[in-house]
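Here are a few notes to read alongside the model. Have a look at it first, then go through the points below.

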Amino acid sequence: MKGIMVLAHGSRVKETTDTIEKIVKLAKDNIEDKDMPIEIAYMELCPPDIPTVVKKLVDMGVDEIKVVPYFLFRGIHIKKDIPNELEAALEGHDNVKITMGDTLGADPRLAEILADRIND
């Protein structure tokens with residue numbers, strides 16, 4: 001079974017977790033497989049962390065995890081820190097496959113949002 005980990009940076013500020021939870025809820029309305037488990041994890045500063053969410057998904061019967069980073073850029077966290085954490089979280093779960101999606105990047109939809117903010 002496939003599961004999704006939406007991965008954000010994390011913050012001590014409560015509004016940031018509220019925001020990602022709202023975004024994921026809105027995204028779920030556009031996802032074809034309504035039964036696919038989708039969990040939010042944070043790289044640092046607040047729970048749940050990567051190992052906790054990997055374990056939760058595995059305990060649900062997931063054997064293929066797609067990590068979707070809620071990050072704008074392919075910086076050091078995406079290139080090094082997160083892959084290292086994912087590898088460590090998979091220890092003892094040899095039957096589980098993890099793939100990493102792309103960052104939000106230079107998507108024209110983000111440019112539209114930026115233009116909206118500029119025009120406000």
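1. H1 gives the most to the lining of the largest pocket, with four residues. Helices (H or I, at least four residues) and strands (E, at least two) here are DSSP runs, numbered from the N terminus. Keep in mind that this is a predicted model, where local features need pLDDT of at least 70, side-chain atom pairs count only at pLDDT 80 or more, and totals for chains, interfaces and linings use all residues. Residues are numbered from 1 along each chain as its sequence is written, and side-chain values use heavy atoms, with hydrogens and water left out.

2. Who else lines that pocket? Strand E1 (2-8), helix H1 (14-28), strand E3 (64-69) and helix H4 (108-119) each supply at least two lining residues of the largest pocket. In total 21 residues line the largest pocket, and Ile23, Ala27, Val68, Tyr70 and Leu104 lie nearest its centre. A pocket is an open set of points on a 1 Å grid over the protein atoms alone, where a 1.4 Å probe fits, with protein on both sides within 12 Å along at least five of seven lines; lining residues have an atom within 4 Å of a point.

3. The largest pocket has a volume of about 790 Å³, a volume being the space filled by probe spheres set on the points, which are joined across faces, edges and corners. Its lining has 13 nonpolar, three polar and five charged residues. For these classes, Ala, Val, Leu, Ile, Met, Phe, Trp, Tyr, Cys and Pro count as nonpolar, Asp, Glu, Lys and Arg as charged, and the others, Gly among them, as polar.

4. The second largest pocket holds about 230 Å³. Among the residues lining the second largest pocket are Leu72, Phe73, Asp107, Leu110 and Arg117. By class, that lining has seven nonpolar, one polar and two charged residues.

5. Back to H1: its buried residues are Thr17, Ile20 and Val24. They fall within an arc of 65° seen down the helix axis, so they line one face of H1; the arc is that of the directions from the helix axis to the C-beta atoms. Buried means under 20% relative accessible area, exposed over 50%, partly exposed in between (1.4 Å probe, protein chains only). The buried residues of H1 pack against E1 and strand E2 (38-42), while the face turned away carries the exposed residues Lys14, Glu15, Lys22, Lys25 and Leu26.

6. How many residues of H4 are buried? The number is zero out of 12, so H4 lies largely in the open.

7. The loop between E2 and helix H2 (50-59) deserves a look. Proline 48 sits in this loop, and a cis peptide bond joins proline 47 to proline 48, with omega about -5°. Leucine 45 is in the loop between E2 and H2 too; leucine 45 has a positive phi of about 80° although it is not a glycine. With 41% relative accessibility, leucine 45 counts as partly exposed.

8. Is glycine 101 buried or exposed? At 12% relative accessibility, glycine 101 counts as buried, and its place is in the loop between strand E4 (97-100) and H4. Apart from neighbours within four places in sequence, glycine 101 is in contact (heavy atoms within 4.5 Å) with Lys66, Val67 and Pro69.
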